[in-house]
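Q: Please take a close look at a single part of this structure. Then go on from there to other parts, in one connected answer.

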Amino acid sequence: MTAVERPSIDTAAQYRGGAFAVEHVSHEYVSAGKRTPALADASFTIPAGHVCCVVGPSGCGKSTLLGLAAGLMAPSSGRLVWDGEVVRLGPNKHIGMAFQQPGLFPWLTVLQNVAIGLRTRGSARREARRIAEEFLVTVGLGDFQDAYPSQLSGGMAQRVGIARALALQPRMLLLDEPFAAVDAFTRLKLQQELLALLRRYRPTVIFVTHDVAEAIAVGDMIVVMSARPARVLRIIPVDAADRNRASAAFAHKLGETLECLGVTQ
Amino acid sequence: MRAQRSPRAQAWLLGCAGVLVALAIWTLLAQWLATGGGVINRLPPPWRVLRDLVAYASGELWRDLLFSLRVFTIGWVLGATSATLVGLTLGRVPMLGNVLIPVIEAIRPVSSIAWVPLSIVWFGFGLTSKVFLVGLAVFLVVIVYAIDGSRRIPHDLERTATMLGMSGWQRFRALVLPGTLTEVLIGSRVALMAGWGTVIVAELVAADSGLGAHLIAVQQSYNVPAVMATMLCFALTGFLMNAAFARIEQRLMPWRHDVDRP
Amino acid sequence: MKVRDRLLLPLVGVLAVLAVWQMTVILYRLPVIVLPPPLDVALALVRLLGTHAFWRDVGTSLFEFGSGYAIGVLLGIAIGVAIGESRTFRLASTPVVESLRFIVPFAWIPLTILWFGTSYTGKIALVAYAVFFVMVISTSRSIAAVDPTLSRVGISLGMGRLQLAWNVHLRAAAPTIASAARAAAAIGWIAVVAAEYIGASAGLGLMITNAASSLATPVVIAGMIVIGLVGAGVSALIGWLARLKLDYR
């Protein structure tokens with residue numbers, strides 16, 4: 001990643017995220033009279049400013065967890081607690097989200113895309129542009145401010161998506177398989193960049209992924225979930241030593257997680 | 001948590017509610033205007049229209065309908081057939097195609113309605129004139145489908161045909177013709193409404209026979225309920241034809257989904 | 001295809017058609033009443049352009065079209081958005097909208113004559129109706145078809161329903177709505193002309209019908225060409241406007 005100047009916002013103190021607790025949360029979808037269970041009695045706690053990676057088989061309910069954490073849905077039972085307060089239904093100013101498809105608005109430039117979240121939350125136009133510009137520079141896309149999303153590669157678009165989420169200066173960041181649609185090399189690069197960004201801004205993060213290696217590289221803890229209906233199988237802590245992909249510790253952690261998922265090597 | 005009705009039941013209920021609301025608004029408007037409300041001083045309530053519809057149906061409707069349908073069918077068949085032939089030719093003979101297709105593209109946007117006065121000069125007010133107009137309308141719609149269909153043979157099918165050593169005629173029969181006919185069938189359904197709409201305009205102008213003629217007649221005798229009843233007949237016929245044709249298309253080509261439905 | 005081909009071949013096509021036309025007139029010795037030679041039509045057209053009455057007629061038709069179009073487009077988009085945004089509203093209004101769709105604009109002509117006489121109000125109402133239906137149906141469909149990811153992004157950025165509809169859904173659906181607006185223009189224009197054939201006191205359609213009654217065929221054909229040209233012009237104008245502001249593709 002290219003070197004960047006310190007943005008004018010005081011980062012570390014300002015939006016260090018609070019602790020996030022999932023307490024006996026179950027959720028099921030009801031449609032046309034059929035009930036589809038998604039989560040079954042999930043419980044775990046994320047310490048403040050930590051990155052929690054949620055791994056599990058496809059379609060097991062990981063995205064549901066994110067939706068509940070964001071306040072987009074109310075859990076069928078149980079509750080989610082953010083920084084001491086129960087998560088309520090509705091938009092939440094402290095949360096930023098990024099998805100697998102960056103979902104950039106094709107009619108806006110890159111800069112306008114990053115700025116629009118700030119605008120809808122009430123920032124003045126000039127202020128929004130300034131902040132957006134800073135975050136774009138942070139993700140290394142300062143030269144592409146006036147480009148349109150159709151002109152960007154997948155990796156670049158994803159960076160814009162993350163910049164957009166971070167520009168809101170969220171205290172909690174929810175990432176739903178953000179690098180899944182990107183090629184392997186770009187994915188490795190983006191993981192490193194994300195790590196650096198998170199160290200700088202320190203929100204509390206829930207990072208959903210199906211790539212276990214990615215979870216170890218980025219996370220402070222791994223929540224392993226079962227197939228649908230998703231239960232928490234195990235919570236595996238990760239420390240700095242494990243992140244080096246060339247190390248034995250990494251391989252050990254990988255094996256442990258995969259075994260938990262039921263995949264033997 | 002609220003009990004969830006099945007989506008279909010919900011759609012039905014809401015749809016019926018919508019229709020009832022529309023009818024209620026209509027009745028209220030008719031009431032209000034009857035007491036000298038506004039510009040539209042003759043708006044009969046729904047039941048009057050229904051009564052006239054029933055009266056028409058037990059009387060001359062079928063004769064008029066037959067006339068209109070006759071005009072429509074002949075025009076539609078002629079239009080679709082000629083469009084298929086011309087489309088095939090223009091699509092497969094590049095020299096003719098490159099020269100004439102731009103001309104057709106230029107004429108297409110000009111609806112066949114623009115040809116009504118010319119048609120009257122040429123053919124007068126009779127059957128020929130109306131059939132010409134309907135045929136023209138259908139032709140202009142189907143021709144695009146015919147040209148597209150005759151040209152759009154998937155590349156790998158062409159290669160397979162070459163590999164199998166098919167002659168020009170065999171290739172035509174096995175590849176070009178079915179592809180073209182499929183597209184023409186779809187285009188012919190799209191052309192249904194264009195053709196049926198042209199029938200009404202032609203009959204409104206000619207005013208000699210058919211639903212359109214009846215429409216003019218009741219308009220001239222200021223019989224608003226009858227006018228609305230006739231409009232309903234016209235719409236209903238169009239709807240039924242469309243539904244019938246869609247079903248036929250579904251049976252013949254089950255792999256195509258109906259592009260018209262939401 | 002080379003640019004030369006794109007220009008040359010259509011030109012050849014037009015010339016070929018004109019040649020066939022001229023030949024047919026000569027070979028079959030067709031009287032002017034039936035099929036006038038191309039030159040006669042051209043002369044009639046030029047002569048028309050010099051008369052005051054012609055421009056007044058075209059102006060009347062354009063005025064009727066323009067007013068009806070503006071009303072139809074605005075109402076159509078507004079209600080189309082409402083239908084696209086609200087599932088309840090959509091389900092309730094679908095049967096009504098879908099059935100009214102089958103009453104083609106032309107079928108309304110006698111009714112508008114009954115209600116409004118041959119004045120321009122009736123024509124404006126007719127065009128507004130025709131345009132409204134095209135716009136309502138295509139707008140509601142394209143709003144409903146907006147990529148759900150964009151909606152999700154909007155919600156995650158904290159947009160309310162109104163903001164979402166205006167900032168995201170409408171902008172995303174804009175190109176489709178713009179092409180529908182072009183199609184609606186074609187339909188609206190022909191609706192005006194058709195209405196003027198059947199009952200009008202002024203306008204292009206009336207002028208052509210009068211010419212047809214007096215068997216002035218060159219004028220009739222010239223009039224048809226004018227119909228086509230104006231229609232094309234209006235379509236092109238709307239397309240250009242749309243591309244300017246709305247089309248991000």
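A: Ala207(B) is partly exposed: 17 other C-beta atoms lie within 10 Å. A residue counts as buried when that number is 20 or more and as exposed when it is 12 or fewer, so 17 falls in between. The model is a predicted one. In chain B, Ala207(B) sits in the loop that runs between α8 (168–206) and α9 (211–220). Its phi is near 55 degrees, which is a positive value in a residue other than glycine.

Glu177(A) is not a glycine either, and its phi is positive, at about 45 degrees. Glu177(A) belongs to the loop between β7 (172–176) and α6 (184–201) of chain A. Glu177(A) is buried, because 21 other C-beta atoms lie within 10 Å.

One residue to look for is Val55(A), whose bridge partner in β9(A) is Val224(A).

Helix α7 (residues 148–156) of chain C has Leu150(C), Val153(C), Gly154(C) and Ser156(C) buried. These residues lie on the same side of α7(C), because they cover an arc of only 165 degrees around the axis. An α-helix has 3.6 residues a turn, so residues three or four places apart point the same way. Just after α7(C) comes Gly158(C), with a positive phi of about 95 degrees.

Back in chain B, the domain assignment gives domain 1 (1–43) and domain 2 (44–252). The centres of these two domains of chain B, taken over C-alpha atoms, are 33 Å apart. Contact between them involves 6 residues of domain 1 and 4 residues of domain 2. On the domain 1 side, the touching residues are 4 nonpolar, 1 polar and 1 charged.

Key
Residues numbered from 1 in each chain as written. Chains lettered and ligands numbered in written order. Predicted model: local features only at pLDDT ≥ 70, side-chain atom pairs only at ≥ 80, totals over all residues. Domains from an automatic or database assignment. Contact = placed C-beta atoms within 7 Å. Nonpolar A, V, L, I, M, F, W, Y, C, P; charged D, E, K, R; others polar. Helix = DSSP H or I, 4+ residues; strand = E, 2+ residues; numbered from the N terminus. Arc of directions from axis to C-beta. Pairing = 2+ DSSP bridges.
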